[in-house]
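Subject: Two-chain model, with notes

Hello,

Here is the structure you were expecting, with the sequence alongside. My notes follow below it; please read them with the model open.

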Amino acid sequence: MATSIKNLPDNEQVLSGNGACGGCPATMALRMVGKALGPNAIMLLTPSCSVASMGMTPKLGYNWPCINVCFATAGSSASGITHALEIMQEKGRLKGELPTVFCWVGDGGTYDIGFQALSAAAERNDNMIFFCYNNEAYSNTGVQRSGATPRGSFTTTTPRGKRQPKKNMALLMLEHHIPYVATATVAYPGDLYDKVVKAKSIEGLKYIEILAPCYLGWQFDMPETVQMSRMAVRCGAWLLWEAENGKITFNNPTSAIISGKKAPEPVNDYLFKQGRFKRLLQGPDADERIAEIQGDIDREIAFMRERAKIVI
Amino acid sequence: MKAAQVIMETGNQAAALAVKYARVDVVPGYPITPQTSIMEAIAAMVERGELHARFIPVEGEHSAMAAAVAASAAGARVFTATSANGLLYMHEVLHMAAGGRLPVVMVNVNRGIFAPWTLWADHQDSFSQRDTGWMQFHCSSNQEVFNTILQAYRVAEQINIPIMVNYDGFAVSHCLMPLTLPPQEDIDRFLPPYEPEWRLDPAHPSSFSNVTNAPEYAPFRQMLSEDILAAIPLVKQAAREYQEITGMWDGDTIDTYRLEDAEVVAFAINSMAAELRLTIDTLRDQGIKAGLLRPRLVVPFPAEDIIAALPPNAQVMVLDRNYNFGHPGGILAAELKSALFGRRNDITVKNRVMGIGGLDLSHRFMAAEILAMMEDNA
């Protein structure tokens, strides 16, 4: 059982008063992450919504030392910091428990421009937690397509809907042989909290990806962030799982979908709630396009079900 | 007291040894010809326990500089090295190092840049990073490489500006020359451990390099511009104190040879300036009052020292190993003319580009070039 939201610690690392949109899922998720990490951490950010909302110099809405780095470099920058802290401790220049080094990066800085540096940091297994808050587009620059944008989704650079499926980034990270990979989303805060607590206790590179439904990019009503997040999981468009040392475990309610105890909800309700699929759904080939999206979801469920059986 | 040790080593080994003497903490590295053997030597020293540091084998130069910058922000003394396109690939992160006021020290082994590919030396790579806010030294010998890296750490950490130490691929990087290694205790006296005024520290949550509005941004940039110039006295002080401790001297901001009464002055950097000493002797033997002025420090440009050192009415022959695209000639000449304008109207500046992509620069060739330039009244 995941920790109940009622039992989360009281500490707040996300301070009140910042520039995020109402209902911002990234800020919501960061608040949960902060409760799990506590204050002894160093945060790296690349250009993204969480930078735009953290406050302008000299103000800061996050209660950690925060370094903004070049867009493509979250992985390598965190490697630099984690090695620096470790060697300074070895040489006696730092005392006490070392801070947790973590990257807080959007899907652009993870899937696309930041992929190379992240992949290399993972292959080296440098000690950090890499969080991807995935809002499935470049939301900060006004919603352009990313490698995480699902097929059919409207963005300003896919005006007729994206033609390609998204990458399975978490699985790509798993195949780097890192000790911990997890997916999460804001509708399941206890699940997210537990995963961060677990990641914090593990040496090496930990990758946690958080689906972050963005009202602006996805075009739904601002108060419905959590509901969208829940619908994504229930229809199987987002799968909750974690892998310790390569062994995949599914978390509720995804585990019920994977085991066949419960059928995923049809994708239609999820799609119709979102303006980003509106043009596709109103087109003459709507049924065909919806079937494509359902096909992508079914394929991922089937693939992950089989992949989880491989334990070597 | 321990005596200095003299060995035969390449320029790249001299650089790696300087990193060891500087007791560097973190070295992210990525190979590129002709720099590679520096990274190999450092990786080996770390593996053997001769250098208590972390070597991070990153996947490219952009990440090498990113890791160096971030490790520096965490409070470590850092080093990396590169050449040519590796340096160009670092470009945006070089700006972050300088704008972030992080005292990273890096070696750039000068090599011509793509396209087309070349492996051999010219100075287009470092000059194309002139406006990143880094200070740049240019060295002409293995010993000077060793000495300058140690002086660079001293200066960089005093004024929080990153420093690039440049020298030519192959002519210096791969050539064996005698190298004097001072006792480690002497270097420890010259270069104390790095104690940053500020670092990423959870006890003091604050943002670093976050977004600014113009009223914050503009003063940051102005401070950097002013502080680069303010580094010149620190460069001189470091060279003097290094000499007092080790007995070695390569010049401070500039190095000169037979300059005092010179009527014709060769003006060049790096290994070609070492070769030019032979050229000067040849020209003197022919009755030409020739001398050499070699800037060691290229960014900031040591204008005052050059203005003070040039003899009256000298003809200065600037031998550039780079192009200043959009202008005839090279970038050193443009820098020199800019420094002299309105200050030394007695000086004539002539300029030729040579040695591009490793074209051989023998002392005879450069003597012939200087003689031809003397005839050139265009």
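**The sheet of chain B**

Strand β6(B) is covered on both faces: M135(B) and F137(B) are buried on one side, and Q136(B) and H138(B) are buried on the other. Before going further, please note that this is a predicted model. It scores ipTM 0.96 and pTM 0.97. For chain B the average pLDDT is 97, and 99% of the residues score at least 70.

β6(B) belongs to an open sheet of 5 strands in chain B, ordered β4-β5-β7-β6-β13, with mixed pairing. Residues 79-82 (β4) and 297-299 (β13) of chain B form the edges; each of these strands has a single partner, so one side of each is left without a neighbour in the sheet. From one strand to the next, the twist averages 25°.

The pairings I followed through the sheet are these:

- β4(B) and β5(B) run parallel and are joined by 4 bridges. A81(B) has V107(B) as its bridge partner in β5(B).
- β5(B), residues 105-110, and β7(B), residues 163-168, also run parallel, with 6 bridges between them. Here V107(B) has V165(B) as its bridge partner in β7(B).
- β6(B) and β7(B) are parallel too, joined by 4 bridges. The partner of F137(B) in β7(B) is V165(B).

Read together, these partners give a row across the sheet: A81(B) is bridged to V107(B), V107(B) to V165(B), and V165(B) to F137(B).

How much of β5(B) is buried? The count is 6 of 6 residues, so the strand is largely enclosed by the rest of the structure. In a regular strand the side chains alternate between the two faces of the sheet. In β5(B), V105(B), V107(B) and V109(B) point one way, while M106(B), N108(B) and N110(B) point the other way, and all are buried.

Helix α7(B), residues 142-159, packs on this sheet and touches β5, β6 (135-138) and β7 of chain B. The direction of α7(B) makes about 165° with that of β7(B).

**Two helices of chain B**

Helix α1(B) spans residues 11-21 and is mostly covered, with 10 of its 11 residues buried. The buried residues include G11(B), N12(B) and Q13(B), the run from A14(B) to V19(B), and Y21(B). R23(B) follows the helix and has a positive phi, near 50°.

Helix α12(B) covers residues 331-340, and its buried residues are I331(B), L332(B), A333(B), E335(B) and L336(B). Note that a glutamate, E335(B), is in that buried group. What do the buried residues of α12(B) pack against? Their neighbours are α6 (124-127), β11 (264-267), β14 (315-320) and β15 (348-353) of chain B. After α12(B) comes G342(B), whose phi is positive, near 80°.

**Chain A**

Chain A has 13 helices and 8 strands. Its radius of gyration is 19 Å; a compact globule of 312 residues would be near 20 Å, which agrees. Along the principal axes, the C-alpha atoms fill a box of roughly 70 × 45 × 40 Å. Of the 312 residues, 54% count as buried. Among contacts between residues at least 6 apart in sequence, 69% join residues at least 24 apart.

**Where the chains meet**

The contact between the chains takes 35 residues from chain A and 39 residues from chain B. On the chain A side, β1 (41-45), β2 (66-68), α3 (74-90) and α5 (115-124) each supply at least two residues. By class, the chain A side has 22 nonpolar, 11 polar and 2 charged residues.

There is also strand pairing across the contact. β2(A) pairs with β9(B), residues 207-208, in the parallel sense over 2 bridges. Within that pairing, I67(A) has F208(B) as its bridge partner.

Regards

Note on methods
Residues are numbered from 1 along each chain as its sequence is written. Chains are lettered from A and ligands numbered from 1 in the order in which they are written. The radius of gyration is taken over C-alpha atoms; the globule rule is 2.2 Å times the number of residues to the power 0.38. A residue is buried if 20 or more other C-beta atoms lie within 10 Å of its own, exposed if 12 or fewer, and partly exposed in between; C-beta atoms are placed from the backbone. Two residues are in contact if their C-beta atoms, placed from the backbone, lie within 7 Å. Ala, Val, Leu, Ile, Met, Phe, Trp, Tyr, Cys and Pro count as nonpolar, Asp, Glu, Lys and Arg as charged, and the others, Gly among them, as polar. Two strands pair if DSSP finds at least two bridges between them. pLDDT is the predictor's confidence in each residue, from 0 to 100. Axes are lines fitted to C-alpha atoms, for helices over the stretch in contact, and angles run from 0 to 180 degrees between N-to-C directions.
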